[in-house]
Amino acid sequence: MSEPSYELLPGAAESPVILHVPHSARAVPAGVRADIVLDDAALERELDHITDAHTAELAEAAAGLAGVTPWRFVNRLSRLVVDPERFPDEREEMLAVGMGAVYTRTTQRGVLRDEPFDPGPLVARYFRPYARAMTEAVAGRLAATGRAVVIDVHSYPSRALPYELHGAGPRPPVCLGTDGFHTPAELTAAAREAFAGCGETGLDSPFGGAYVPLEFYGSDARVGALMIEIRRDLYMTEPGGPAGAGADRLATALAALVDSVAS
C-alpha cells in the first residue's frame with residue numbers, strides 16, 4: 001500500500017487522551033475490493049451507510065480547540081477492510097450477522113463477501129498491526145502521564161439499519177458507550193456535561209461498550225475508555241452526505257470533554 005492503514009497524530013506530551021477514530025474512512029484497497037461481491041454503485045451505497053462520515057474531521061477540529069491537544073489515532077481504511085474494534089474470534093457478538101473483524105454481510109444483511117470466507121489474511125495484514133499500534137499508543141500515554149483515556153469518536157444513523165442487534169432501543173442525540181471496568185463514573189459525568197448543549201445523552205443504546213486494547217482490557221484500571229456515538233442527523237445529511245452547521249457545536253463539546261479529562 002502506498003499509504004499507511006492508520007495514523008497516530010501526536011498531541012501534547014502531557015495529554016493522557018487519545019481520540020480514536022476507527023470508522024471514518026471509505027478507502028478500500030484494490031486487492032480487498034476484489035473479494036467484495038457488490039458492484040461499484042452498491043459498494044458506494046454500503047459505504048454511505050457503514051461509514052462514520054466526518055468523524056475524523058470532528059476529532060481534528062476538537063483537537064484544535066482543546067486547551068491541551070489530545071493525541072489522535074485514525075483509521076485511514078474503511079471498516080469494510082477490517083473492523084479494528086471487533087474481537088477477532090468467537091467472543092464477537094456481531095458474528096451473528098456476519099460482521100466480525102472481517103464482514104461477510106452488509107448493513108442490509110445482504111452478501112458482502114461470498115462464504116465461506118477466510119478472514120485470516122486480512123486479520124494478519126490489517127487488524128493485528130492496527131491493534132499493535134493502538135496498544136503502543138496507549139502504552140506511550142501511560143509511560144508519559146501515568147494514565148491513558150481512549151475516547152472513541154463514532155456516529156450512527158438516526159434510523160436503525162437491519163444489521164443492528166440492539167436497534168430497537170433508544171437513539172438519543174449522543175450515546176455514551178461504557179465499560180464496567182474502564183469507564184469510571186466521573187468520565188461519564190464529564191461527557192454528559194460536555195455534550196449537554198447537543199441534546200439528550202443516553203447510555204449504551206443503541207450501541208454499548210468502549211474500546212480498550214486487549215493487553216490492557218479488564219486488567220489495567222489506569223486505562224479509561226468511553227465511546228461517543230453521535231446521531232448523524234445532528235451534523236450531516238444522511239446517508240453519506242455533507243456535514244452541516246451542527247458539526248461545529250459537536251467539535252466544541254468534544255474539545256470540552258478532552259479538556260475536562262486532561263485536567
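The model is predicted, so to speak of local features we need pLDDT of at least 70, side-chain atom pairs count only at pLDDT 80 or more, and totals for chains, interfaces and linings use all residues. Residues are numbered from 1 along each chain as its sequence is written, and side-chain values use heavy atoms, with hydrogens and water left out.

Let's start with the helices, which are DSSP runs of H or I with at least four residues, numbered from the N terminus, as are strands (E, at least two). Helix α3 (residues 55–65) packs on helix α6 (residues 246–262) at about 55 degrees, and their axes are 8 Å apart. Those axes are lines fitted to C-alpha atoms over the stretch in contact, with angles from 0 to 180 degrees between N-to-C directions. The crossing is right-handed, meaning the near helix is turned clockwise from the far one by less than a right angle.

Who makes the contact (heavy atoms within 4.5 Å)? On α3 they include Leu58 and Leu65, and on α6 Leu250 and Leu254 are among them.

Now the core: buried (under 20% relative accessible area, 1.4 Å probe, protein chains only) Ala, Val, Leu, Ile, Met, Phe, Trp, Tyr and Cys residues joined through side-chain atoms within 4.5 Å. The largest has 38 residues, and Leu19, Phe195 and Leu254 are among those touching the most other members. Helix α6 gives the most, 10 residues. Leu254 touches Leu58, Ile151 and Val153, among others, leaving aside residues up to four places away in sequence. A second, separate core of 25 residues includes Leu38 and Tyr103. Thanks, all!

Notes:
Contact = heavy atoms within 4.5 Å. Buried < 20%, exposed > 50% of the residue type's maximum accessible area, 1.4 Å probe, protein only.
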